Each structure stands twice: as structure tokens, then as C-alpha cells.
Amino acid sequence: MLITASTLTIIIMLIFTQCTYIIQTGIGIYYEGLEALRHRISLESTAIEIINVTPQSNTTIYARIKNTGSCSIPVIQFNKMEIFVIGTLVNYTYPTVIRVPFDQSSIREEGWRVVSVYTNGVIGDVLNPIDLPSALSGKWDPLEELVIIITLSNKHALNLTHPISVVFVAPNGVSTVEGGVQN
Amino acid sequence: MITVCVGGNDAVVSTSFISEAIIMIAAIVATSVFATTFMSGLYAVSDANKFAISRMEHELKTEVKIIFAAPVSETVIKVWLKNVGQSDIPSELIGLSELFFGSKTSFQHIPYGGVSLPRWYYEFVNDVDDDGRWDPSETIEITIEWPYSLQKGDYFIRFAIYTGKYTDFMFSISR
């Protein structure tokens with residue numbers, strides 16, 4: 001009787017341990033899957049479009065970029081966005097690429113900053129407003145357009161008789177490209 | 001006769017009790033040995049599963065993307081890569097990545113660093129938290145130094161990280 005009882009107890013304990021392990025693993029996999037799905041959804045719901053690119057001088061370019069996706073991009077992630085300017089430098093004949101970092105406070109010689117935000121063609125944004133000119137808080141929400149100014153150093157002054165293009169990359173790697181000519 | 005019978009019953013009860021006790025102890029020992037073996041086997045399987053799941057999770061969460069690449073001179077190509085995964089990549093593992101570059105029809109493996117060309121090296125251009133690790137959303141810039149002048153045509157780049165995941169990019173030169 002005692003032998004049967006102890007054997008049964010051990011078997012029940014083993015089954016219980018195994019069930020606990022299976023449930024724990026299952027929950028872990030479920031959460032990992034959920035996180036991966038969230039990441040994938042964020043990638044697929046991010047879309048941006050450069051509306052226009054207008055060089056003002058050979059070191060200054062204005063660009064208007066629209067959030068055409070369905071998710072917002074917080075201002076604190078702007079330093080994880082990338083801008084590349086493709087153009088031909090003065091005194092050169094072949095095009096080159098210049099990576100321009102985010103620099104809202106214009107500390108660097110070269111950088112890009114947000115000048116204004118438009119919503120449906122009207123200046124300003126109501127939803128999660130971006131506090132300009134500091135741009136320390138707020139979000140770039142869907143359908144909002146950022147007007148940005150890209151400042152290049154004199155070393156990277158562009159020859160505007162050649163075409164230029166701007167590549168804009170979101171923090172998650174989603175990118176868009178648009179060319180521009182001087183007005 | 002009665003005395004003998006009583007004494008005999010006592011002896012039978014006593015022998016039976018001892019035998020049962022020995023069998024019980026043997027059974028308990030056997031069950032314990034079985035349980036220990038079974039449990040250690042179960043834990044080994046459990047650990048192997050956990051390791052496999054953790055590795056799979058790490059591989060799934062580690063992803064990079066070439067966001068742009070272009071020649072900046074006749075022999076130098078710049079490649080910008082963004083960590084678009086959910087895991088950070090230690091800087092010492094970036095150098096262990098594999099880079100392939102060349103014309104679309106004949107690309108070759110480019111060694112990391114070294115003194116002879118071709119070679120590639122990298123630098124962080126967007127290490128937001130300055131921790132020396134390639135965190136999600138951060139960007140590195142790779143410079144490929146090519147021994148010959150790049151000719152007109154299509155060029156192919158493949159960058160494979162230590163997990164084996166890779167990202168491709170193509171660009172053309174029209175000069």
C-alpha cells in the first residue's frame with residue numbers, strides 16, 4: 001500500500017513538473033511571438049514619402065516629408081533617422097553621397113532639423129504636437145508633413161547644375177527617395 | 001503443540017514483516033533511482049529545449065538592413081547599415097560579419113581590416129547611447145576600399161552577420 005502510494009506520488013510529481021515546464025515554455029514562446037509580431041506590424045505600418053526637395057543654395061536644401069503610414073514616430077527617435085544627400089560636389093564631376101545627421105539645435109556644421117509641421121496642408125499639428133523649435137517632445141503622426149532644412153558644410157557644397165536626390169530612412173529602416181532641382 | 005504453533009506463527013509474522021520491509025526499501029530505492037534518472041533526463045531535455053529556443057529567438061530578433069550604399073570616389077564605396085532587429089549586436093561581433101562585393105556577375109569575399117586591398121572596416125555613425133554596441137535603430141557606416149577603379153556597371157553587396165542572416169543591396173555606376 002505504502003509502495004503504491006509513494007510510487008503514485010512520484011509519478012504525479014513528475015507529470016506536474018513536466019506540465020509546468022510545458023506551460024512555462026508555451027507562455028514564453030507566446031510572448032516572444034507576440035513581441036516579434038508587434039515588431040513586424042510596426043515595420044509594415046511605417047511608410048514615409050518625400051513630397052518635394054528644393055535646394056535653396058548649394059549648402060541648403062528644403063524637403064517636405066509626409067508620414068503616409070499608420071504609426072507615429074516619436075520625436076525622441078528622430079536621431080535614429082537617416083538622411084542621405086546624393087549629388088555632385090562643386091569642382092567634381094561624379095556624384096557622391098553625404099550622410100546628414102539629425103541636429104535640431106544646429107550645433108554641428110552639417111545636419112537636418114525640423115522647421116515646421118503641416119497637417120492636411122495647414123501649418124501645425126494637434127495630435128501629439130511637436131514642440132518647435134526645440135523638438136524635444138511630440139510625435140510625427142500619420143498624415144503630418146515635416147518641413148525640414150538640410151544644411152551641408154562648405155566642404156560638401158553641391159554643384160546644383162547636376163541633379164540631387166535625398167534619401168530618408170525611418171528608425172526601423174523603411175526608406176524613401178526623391179530628387180530635386182533648384183527653383 | 002499449541003506452544004510450537006504460537007511460536008511458529010510469531011516466526012512467520014516476523015519473517016514476513018522483514019521480507020516486506022526489505023521489499024519496500026528496495027522498491028523505494030528503485031523508484032528513487034528511476035525518478036532521479038528520469039528527472040535528470042527530463043532536465044537535460046528541458047535545458048536543450050531552452051537553449052534551442054533561446055538561440056532561435058536570438059536569431060529571429062537579430063536583423064540588419066543595408067539602407068544605402070554608393071561609391072564616394074573611384075575606389076571607395078560607403079555602405080550604411082541599420083540594425084532593424086530587436087537585439088543589440090556587440091561591436092566585437094561586427095568584425096566577424098562577412099562582406100561580399102563586386103560586379104553583379106563576379107563578386108568576391110572582402111576581408112575585414114588588414115593591410116592589403118580589398119578590405120572593409122566600419123564605424124558607428126549613430127551610436128545614440130554611446131555604449132559601443134550596435135543597438136536597434138542605430139546605424140554603422142562601412143567603407144569598402146577596392147583595389148581598382150570602379151567601372152560602369154551593376155554592383156552587388158551582401159553583408160552577413162554572425163547569425164548567418166544577410167542583407168543585399170545593388171547599385172549601378174553609369175560614369
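Reader: Into which domains is chain A divided?

Author: This is a predicted model. A domain assignment gives residue ranges, and here chain A is split into domain 1 (1-44) and domain 2 (48-180). The centres of domain 1 of chain A and domain 2 of chain A, taken over C-alpha atoms, are 49 Å apart.

Reader: How many helices and strands are there in chain A?

Author: Chain A has one helix and 11 strands. Along the sequence of chain A the order is α-β-β-β-β-β-β-β-β-β-β-β.

Reader: What does the radius of gyration say about chain A?

Author: The value is set against a rule for globules. For the 183 residues of chain A the rule gives 16 Å, but the radius of gyration is 26 Å, well over that, so chain A is more spread out than a compact globule. The C-alpha trace of chain A spans about 100 × 40 × 25 Å along its principal axes. Of the residues in chain A, 26% count as buried.

Reader: In what order do the four strands of the open sheet in chain B lie?

Author: The order is 1-2-8-6 in chain B, with antiparallel pairing. Strand 1 (64-71) and strand 6 (119-124) of chain B are at the edges with a single partner strand each, so each has one side without a neighbour in the sheet. On average, neighbouring strands of this sheet are turned by 20 degrees against each other, direction ignored.

Reader: Over how many bridges do strand 2 and strand 8 of chain B pair?

Author: Strand 2 (residues 76-83) and strand 8 (residues 139-145) of chain B pair over seven bridges, in the antiparallel sense. V76(B) is opposite E145(B) in strand 8 of chain B.

Methods
Residues are numbered from 1 along each chain as its sequence is written. Chains are lettered from A and ligands numbered from 1 in the order in which they are written. This is a predicted model: local features need pLDDT of at least 70, side-chain atom pairs count only at pLDDT 80 or more; totals for chains, interfaces and linings use all residues. Domain bounds come from an automatic or database domain assignment. Two strands pair if DSSP finds at least two bridges between them. Helices (H or I, at least four residues) and strands (E, at least two) are DSSP runs, numbered from the N terminus. Axes are lines fitted to C-alpha atoms, for helices over the stretch in contact, and angles run from 0 to 180 degrees between N-to-C directions. The radius of gyration is taken over C-alpha atoms; the globule rule is 2.2 Å times the number of residues to the power 0.38. A residue is buried if 20 or more other C-beta atoms lie within 10 Å of its own, exposed if 12 or fewer, and partly exposed in between; C-beta atoms are placed from the backbone.
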